[in-house]
Amino acid sequence: MTRISPLLAFVAAAALAGCNKDNTLGGNNAADQNNAAANAAVQLPPSIAASKIYRCADNQVVYVDWLSDNKTANIRTEQGGTPTQVTAPEAGKPMTGPAGYSLEGTAGASSAKIGVPGHPAQTCKA
């Protein structure tokens, strides 16, 4: 019986030794309260709403990923190519991007007016 008491005291002391209020997981820390990045609302980037392949009047093929914010799209001139992002100031307005990229239309339409470098903006059909 005398052996159990010191063993219980040791187990209780070991369990209490793990309780330290300064290093709690989940952080109720003053530094976290002052960190604007930790307290800011996180906004995820828009997802792809539709991906379409367009054939233009000059027989060029253009790949467009329409994004869910209705203000942004990714244009590629090759199937596995690097996308170029075009944006509009508000939904429904023409989108523009760097180096002559432009896009007018919506994801639900069967055609769009697409401009890429080296080609004038032209109507392309999905």
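Begin by selecting alanine 73, which stands opposite valine 86 in strand 4. The model is predicted: local features require pLDDT of at least 70 and side-chain atom pairs count only at pLDDT 80 or more, while totals for chains, interfaces and linings use all residues. Residues are numbered from 1 along each chain as its sequence is written, and side-chain values use heavy atoms, with hydrogens and water left out.

Next, display strand 3 and strand 4 (residues 84-87), which pair in the antiparallel sense over four bridges. Strands are DSSP runs of E with at least two residues, numbered from the N terminus, and two of them pair if DSSP finds at least two bridges between them.

Now colour strand 3 by accessibility: five of its five residues are buried, that is, under 20% relative accessible area with a 1.4 Å probe, protein chains only. Thr72, Asn74 and Arg76 point one way from the strand, whereas Ala73 and Ile75 point the other way.

Turn to strand 2, which runs antiparallel to strand 3 and is joined to strand 3 by four bridges. In the hairpin of these two strands, four residues lie between the strands, and asparagine 70 takes a positive phi near 60°. Aspartate 65 stands opposite asparagine 74 in strand 3.

Finally, select arginine 76 and aspartate 65, which form a salt bridge with their closest N and O atoms 3.7 Å apart. The pair links strand 3 (residues 72-76) to strand 2 (residues 61-67), 11 residues apart. A salt bridge here is a side-chain nitrogen of Lys or Arg within 4 Å of a carboxyl oxygen of Asp or Glu. Arginine 76 is buried at 15% relative accessible area, and aspartate 65 is buried at 10%.

Terms used: Buried means under 20% relative accessible area, exposed over 50%, partly exposed in between (1.4 Å probe, protein chains only).
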